[in-house]
Amino acid sequence: MRLENTGIEDSVVDLKPLDHLTGKHAFIRAGQWDYERVSYDYKIGSKEKNITYYIRIQGYALEGDVDTGNAVIKLMTPLLGKHYYPHGVEYGEGENFPESLIERAQTLVSKVAEEIQHYKK
């Protein structure tokens, strides 16, 4: 599910402050990157058996390389996904998400977006 109008879409920011800000809000980049793209995930546990939710903030390099740490990243519309063990995460619009989870996801992403405003290019 796309999380529209959070204020993060189309933001352009240097990778290092982006890593810091997302990490400060418990979004983890870990191995979710290549030379041109980054993804930051926030894990939300569930009482449902074998179900975990993820909020994903993703972006791509407008210039520089992610691996060298000098990239300038343009952020995309964040996603809310549901992980089905052992198949993987589904971000499709056909997924059903509790309204409280959607509100929580939008609030978390909006907080990151507020701080990113100070570092936008």
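## Overall fold

The protein has two helices and six strands. Along the sequence these elements come in the order β-α-β-β-β-β-β-α. The radius of gyration is 14 Å, close to the 14 Å that the globule rule gives for 121 residues, so the protein is as compact as a globular protein of that length. The model described here is predicted.

The C-alpha trace spans about 40 × 25 × 25 Å along its principal axes. Of the 121 residues, 44% count as buried. The protein exposes about 6900 Å², and carbon and sulfur atoms supply 46% of that area. Among contacts with a separation of 6 or more, 60% are between residues 24 or more positions apart.

## Helix α1

Helix α1 covers residues 15-24, and its residues Leu 15, Leu 18, Leu 21 and Thr 22 are buried. Seen down the axis of α1, the buried residues fall within an arc of 130 degrees, so they line one face of the helix.

## The β2-β3 hairpin

Strand β3 covers residues 51-63 and pairs with β2 in the antiparallel sense, over nine bridges. One of the residues in these bridges is Arg 37, whose bridge partner in β3 is Tyr 60. The hairpin of β2 and β3 has five residues between the strands, and in it Asn 50 takes a positive phi near 60 degrees.

## Two buried residues: Ser 39 and Gln 58

Ser 39 is found in strand β2, and Gln 58 lies in strand β3. Is Ser 39 buried or exposed? With a relative accessible area of 11%, Ser 39 is buried, because the cut-off for buried is under 20%. Gln 58 has a relative accessible area of 18% and is buried too.

Leaving aside residues up to four places away in sequence, Ser 39 touches Ile 28, Arg 29, Gln 32, Arg 56, Ile 57 and Gln 58. On the same terms, Gln 58 touches Val 38, Ser 39, Lys 74, Leu 75, Met 76, Thr 77 and Leu 79.

A search of the whole structure finds three aromatic pairs. In one of them, the rings of Phe 27 and Tyr 42 have their centres 5.2 Å apart and their planes at 50 degrees, so the pair is tilted. Phe 27 lies in the loop between α1 and β2 and Tyr 42 in strand β2, so the pair ties together parts that are 15 residues apart in sequence. Both Phe 27 and Tyr 42 are buried.

Trp 33 and Tyr 35 form another aromatic pair, which is edge-to-face, with 6.5 Å centre to centre and 90 degrees between the planes. Trp 33 counts as partly exposed, at 36% relative accessibility. Tyr 35 counts as exposed, at 52% relative accessibility.

Definitions and conventions. Residues are numbered from 1 along each chain as its sequence is written. This is a predicted model: local features need pLDDT of at least 70, side-chain atom pairs count only at pLDDT 80 or more; totals for chains, interfaces and linings use all residues. Side-chain values use heavy atoms; hydrogens and water are left out. Buried means under 20% relative accessible area, exposed over 50%, partly exposed in between (1.4 Å probe, protein chains only). Helices (H or I, at least four residues) and strands (E, at least two) are DSSP runs, numbered from the N terminus. The arc is that of the directions from the helix axis to the C-beta atoms. Two strands pair if DSSP finds at least two bridges between them. The radius of gyration is taken over C-alpha atoms; the globule rule is 2.2 Å times the number of residues to the power 0.38. Contact means heavy atoms within 4.5 Å. Accessible areas come from the Shrake-Rupley method with a 1.4 Å probe; for residues, only the protein chains shown count as cover. Rings of Phe, Tyr and Trp (its six-membered ring) pair if their centres lie within 6.5 Å; planes under 30 degrees apart count as stacked, over 60 as edge-to-face and the rest as tilted.
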